[in-house]
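Hi,

Here is the structure I promised to pass on. Have a look first, and my notes follow below.

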Amino acid sequence: MKCTSKCKTIRILSLCDEQLIRLSRKNVLSLSLEEMKVIQSYFKKLKRDPTDIEIETIAQTWSEHCKHKTLTGIIEYTEEESGKKTKKTYNNLLKETVFKASVELNKPWCLSVFKDNAGIIEFDSENGVAFKVETHNHPSALEPYGGSATGIGGVIRDILGVGLGAKPLANTDVFCFGDPDMEVSKVPEGVHHPKRIMRGVVSGVRDYGNRMGIPTVNGAICFDDGYMSNPLVYCGTMGIIPKNKIDKKVESGDLVLVVGGKTGRDGIHGATFSSIQLDKESDVSAVQIGNPIIEKKVLDTMLKARDLNLYRAVTDCGAGGLSSAIGELGEKTGAVVYLDKVPLKYDGLCPWEIWISEAQERMVFAVPPKNIDKVIEIFEEEDVEAVCIGEFTDDKKLTLVYDNDVIASMDMEFLHNGVPKPTRRAFYKVKKEKVQKPVKMNSFEISNSLISLLADLNVCSKEWIVRQYDHEVQGQTVIKPLQGCNIEVSGPGDAAVIFPYTVIKDTKKCIVLSNGLNPQYGKKNPYKMAASAIEESLRNAVAVGADIRKMAILDNFCWGSPNDLEVLGSLVRATKACYDMSKAFEVPFISGKDSLHNEYSINEKKYSIPPVLLISAIGVIENVENTVTMPFKKGGNKVFVLGVTRNELGGSVFSKVKNIEDGVVPGVYPRESKDMMEKIYSAISENLIEACHDCSEGGIAVAVSEMAFSANKGVKIDIDAIKIYSCLEEEFRSDNSEMTPAEILFSESNGRFIIEIKPDNEEKFKKILDGSVFSEIGYIRDDKKVIFESRKNNIRVQQSSEFLLNSWRNTINW
Amino acid sequence: MKKVKVLVLRTAGTNCDYETQSAFELCGATVERVHINTLIEKKDKIFEYDILAFPGGFSYGDDIASGKILSNEIKNKLGDEVKKYALSGRPIIGICNGFQVLVKVGLLPSPELFKQISTLSYNDSDKFECRWVYLKVEKKIKNESNCIWTRNLPDIVSLPVAHGEGKFIPGNEKFLDELNKNNQIVLRYSLRDGSEPEYPLAPNGSVEQIAGICNGKGNIFGLMPHPERYVFTLQHPAKEGFDSKYGWGKVIFKNAVDFV
Amino acid sequence: MFEIEILTKKDFKDSRGERVLSDICGLGVTNVTKAEYSQLYVVDGDINLSETEMIASELLVDKVTESYIIRKCCAEYCSEVILKSSDAKENDRLNSNFSVIEVWYKKGVTDTVSESVVKAVEDLGIVKEIKVKTGYKYYLYGKISRTILLNTIATKLLANTLIQECKVHCLADKKA
């Protein structure tokens with residue numbers, strides 16, 4: 001081991017605990033005392049102090065971002081319900097909940113689960129589809145444009161780096177922001193205004209996604225002041241990959257080829273930084289700007305090299321840069337890397353900076369020496385830089401060389417498995433939910449509520465965002481994010497469908513993407529939030545024609561600090577729901593990610609975000625012809641509601657708008673729902689359903705309105721015909737006198753769909769639905785009047801569909 | 001019968017090449033997606049093809065202005081070949097970014113002149129927008145224009161647009177008059193009934209609602225909307241089309257293949 | 001070293017400028033009456049004025065809708081001396097009363113456009129080692145204090161000081 005002027009020795013052998021902590025903090029290592037001590041004792045064994053690059057490598061590899069220490073660590077969980085406490089210890093929370101469900105379900109069509117850069121399910125006999133969703137919250141808070149652009153750029157590289165590389169077909173994006181109309185003076189110092197963050201984030205996703213030529217087809221956006229200082233930015237990418245390109249295996253002697261962008265000082269400490277809460281002096285070098293055209297060139301060329309079988313493995317440079325990428329690929333073999341060979345943007349980088357820089361648009365390949373010239377030629381033909389920087393060895397060590405000096409030499413085993421498991425404690429107290437005082441409203445008040453709901457930030461049209469994305473590039477977006485019966489009008493689609501006809505010739509199959517999230521429920525009940533998110537994602541997909549027997553889901557947790565007992569407790573509750581629902585719906589998780597420490601402190605006061613579980617769903621539909629959109633199709637056709645309406649206004653948009661504190665958060669009843677979803681699939685396959693829309697935020701009133709105004713049609717709904725459970729008792733009543741018309745119209749009970757049926761198909765349809773709860777509630781009118789009526793309560797609400805459309809459209813129209 | 005050969009020219013940032021390839025293939029052609037570096041190395045290769053297509057995308061990131069860097073490259077490195085190809089009467093299509101390139105290279109409106117005399121500038125809304133629009137293919141123009149690409153289209157056709165710089169501006173009044181006189185303005189944004197639209201159905205503020213033009217001879221066609229994204233009814237928002245299977249965009253590609 | 005500025009010709013719509021004006025109003029600043037936007041390129045290297053003019057006229061400007069101005073540019077500071085411009089008539093407005101905010105990327109921040117310009121200059125046939133830097137310039141008309149320019153318009157709207165730096169020229173200062 002030699003130290004040069006560019007590489008320093010870090011003296012840790014003689015440090016006391018306090019000095020170790022100080023060292024970790026000073027160098028932004030984000031390592032705990034326990035971890036520092038493990039490192040100390042490792043080097044004591046080696047009888048030498050580590051170099052700076054060795055310490056940095058360990059910090060990157062052990063970072064929360066790369067290792068998910070919290071969710072895979074030990075958690076001592078206590079739950080209190082009605083004064084009774086129960087305890088449970090998880091040795092590895094993810095393995096014992098989310099992952100366990102997938103193992104138990106053991107679906108043969110799941111081709112790669114929780115092990116590669118993305119999850120993969122079967123598309124057809126020759127191909128799989130890969131899906132991954134990532135977060136990029138902290139960078140987006142500091143530099144919204146660059147942060148979200150590199151977020152989408154990063155998740156696209158996950159798809160390029162899964163197996164031997166998949167071809168990206170679609171992107172998804174989900175955001176949580178503060179109120180864009182917030183008064184400027186109320187925004188804390190050092191924080192960008194929510195509107196600026198939102199515009200920057202949308203532009204970043206737009207410019208990167210559009211330039212990559214990948215349509216952004218599905219998403220969601222949630223506004224809550226809890227995200228003012230700490231916005232959430234989720235980006236997802238789905239791609240298609242031949243089944244024989246899913247496995248990768250590095251062999252000793254393979255060369256390390258770095259391809260794409262040059263390395264600069266950008267994004268130093270991104271991986272460790274993401275586990276630190278934001279404050280005014282956050283590390284600025286963690287901010288990066290992307291260059292999508294470099295990534296596009298890498299995409300164009302690497303698939304050519306893939307199809308010629310020229311390399312054995314590939315992965316992307318994400319958090320931790322080369323350090324993580326090469327460390328991961330060489331875990332089983334060992335690797336030697338010559339850092340002075342890495343192409344740089346400018347001079348002056350220390351070796352450790354080169355090694356952990358998170359400069360964008362880079363991929364690392366393992367190439368057999370005999371193919372190296374051919375591979376480099378393929379890249380260079382299209383002006384992509386590809387440089388060989390080392391080789392995979394058989395000594396199971398990581399060796400780094402700079403200017404002929406060995407500056408790091410560590411065992412791969414220690415790097416990858418040496419991190420001590422932390423033990424954390426978690427606590428959750430189950431709160432009793434209470435039905436609100438009956439909401440009594442006259443026709444006028446209901447009508448006004450409907451208008452305010454449609455205009456509410458969390459319901460209103462997101463057209464301003466959606467249209468800035470080229471959601472139709474590649475020509476395969478057959479079910480689009482905005483759906484109308486013609487070009488002039490549109491409503492919110494439930495899910496997107498990609499028909500990959502340009503990649504898989506003569507296929508009939510297509511891929512559905514959807515999502516579910518509802519942080520408002522999480523404020524009251526994290527279990528129900530997670531369960532609802534799972535059901536909503538499936539429901540959305542089923543509404544366009546998906547078969548839930550061919551669906552998989554992804555989890556993305558964004559939570560506050562796991563050091564807070566109750567915050568971690570709510571996370572444990574949510575993972576429990578994940579296990580229960582995954583098992584009950586028989587829908588496996590195939591990939592996931594977590595982002596913790598989403599907090600921000602100003603003037604000593606801590607702000608934590610309302611926790612969010614985003615569920616992203618993917619499925620394969622057998623026949624692209626059997627897909628359905630949500631606008632009503634034809635006057636005179638019948639409207640049905642499928643599923644039960646319960647008195648569930650807790651966390652609903654209606655209670656937020658009306659300031660109603662109480663209310664039961666919508667529960668999930670998987671037995672009912674799963675059965676219903678399977679029946680809908682059968683009905684759609686037999687072409688019995690003309691239009692279908694999921695019933696969620698804003699309840700039946702909003703869902704029906706959306707179906708009407710996106711078709712420029714009217715509809716008449718008989719509120720009295722809607723079937724309800726009055727409370728949570730398992731006793732079904734057809735008599736709905738125990739819920740008021742407003743409650744029936746705006747309740748957000750899960751498991752419900754609104755559908756349109758031709759009178760001719762009614763009989764066949766009812767036969768399929770036999771045994772489930774459903775009812776005919778009205779018919780479609782050509783006169784553009786949207787009417788909700790309850791004779792029993794003397795209620796008649798009437799609005800023109802055009803007026804409803806404008807109410808929905810005009811909130812975000814910048 | 002000999003297979004019609006199509007060259008889809010691509011470069012860094014091209015991204016509509018696959019669907020453009022599929023559209024031509026659907027019409028019976030053989031298609032190759034060729035990188036510009038390959039073509040620059042072997043310039044005569046271009047004459048092996050019957051049809052030349054400039055697909056959509058963000059060539060070189062659309063840095064400076066859309067299509068600018070690619071048109072600069074074509075002009076300086078392939079200028080003679082491309083001009084000769086154009087004057088030979090073989091069909092050339094430029095879609096979206098490809099249209100921007102044709103205009104900035106100067107192949108449109110007149111390959112004889114081979115100079116940029118019009119432009120595609122920033123949308124009036126100052127933002128990128130993706131939506132479906134109606135286009136008018138006036139009967140009179142259909143009958144009298146030489147444009148080989150727009151034959152057999154209905155009078156009103158819908159296609160998706162997706163661009164941030166699609167506002168067509170002719171250099172001066174005289175050029176505009178000539179375009180009109182020669183029936184070179186083959187596609188205009190319109191309402192469903194053919195009347196003058198407003199934003200958003202007039203997506204970018206183009207002069208005289210111009211969406212697509214051809215050269216005088218009618219072999220070169222440039223348009224902002226994307227016909228390659230509407231070759232199947234499935235791709236239409238309301239699943240409309242013809243023969244219960246195909247989208248109207250297909251007709252445009254079929255015309256060129258049939259012409260050859 | 002030369003600075004090339006690309007402006008929208010008077011007869012054409014300056015959509016970006018219009019949007020910036022409405023965004024400024026959105027910030028609660030009401031005394032800006034008009035905003036104009038232009039793009040800046042600094043070209044550094046062994047090139048002369050006529051080559052720079054070729055870069056401006058053949059590459060950077062859209063002949064139909066835009067005009068250009070070339071200024072001599074010293075190390076850090078851009079002088080006001082105009083060396084060349086495509087359209088003298090367009091220079092008039094540069095004598096008007098306005099404040100200016102220039103936004104440039106900080107050193108080391110990825111500037112994707114500059115890399116493309118370098119490639120395109122080579123395609124033009126100018127095979128010389130050059131460096132390019134890009135920036136934006138906003139002309140703001142109306143009575144605006146330096147504080148508002150710098151602390152509100154520049155930092156809350158036009159630039160993120162984490163990655164960009166601003167040069168502000170305030171009309172009010174000059175008069176005082």
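**Where chains A and C meet**

Twelve residues of chain A are in contact with eight of chain C (contact means C-beta atoms, placed from the backbone, within 7 Å). On the chain A side, six of the residues are nonpolar, three polar and three charged (nonpolar is Ala, Val, Leu, Ile, Met, Phe, Trp, Tyr, Cys and Pro; charged is Asp, Glu, Lys and Arg; the others, Gly among them, are polar).

Before you read on: this is a predicted model, where local features need pLDDT of at least 70, side-chain atom pairs count only at pLDDT 80 or more, and totals for chains, interfaces and linings use all residues. Residues are numbered from 1 along each chain as its sequence is written, while chains are lettered from A and ligands numbered from 1 in the order in which they are written.

**Chain C**

Chain C has six helices and seven strands (DSSP runs, H or I of at least four residues for helices and E of at least two for strands, numbered from the N terminus). Starting at the N terminus, the order is β-α-β-α-β-β-α-β-α-β-α-β-α. Of its 176 residues, 37% are buried (20 or more other C-beta atoms within 10 Å of their own, C-beta atoms being placed from the backbone).

**The sheet in chain B**

In chain B, nine strands make an open, mixed sheet in the order 2-1-3-4-11-10-9-6-7 (strands pair if DSSP finds at least two bridges between them). Strand 2 (30-35) and strand 7 (156-163) of chain B are at the edges with a single partner strand each, so one side of each has no neighbour in the sheet. B:F54 has B:G94 in strand 4 as its bridge partner.

Cheers

How values were computed: Buried ≥ 20, exposed ≤ 12 C-beta atoms within 10 Å, placed from the backbone. Contact = placed C-beta atoms within 7 Å.
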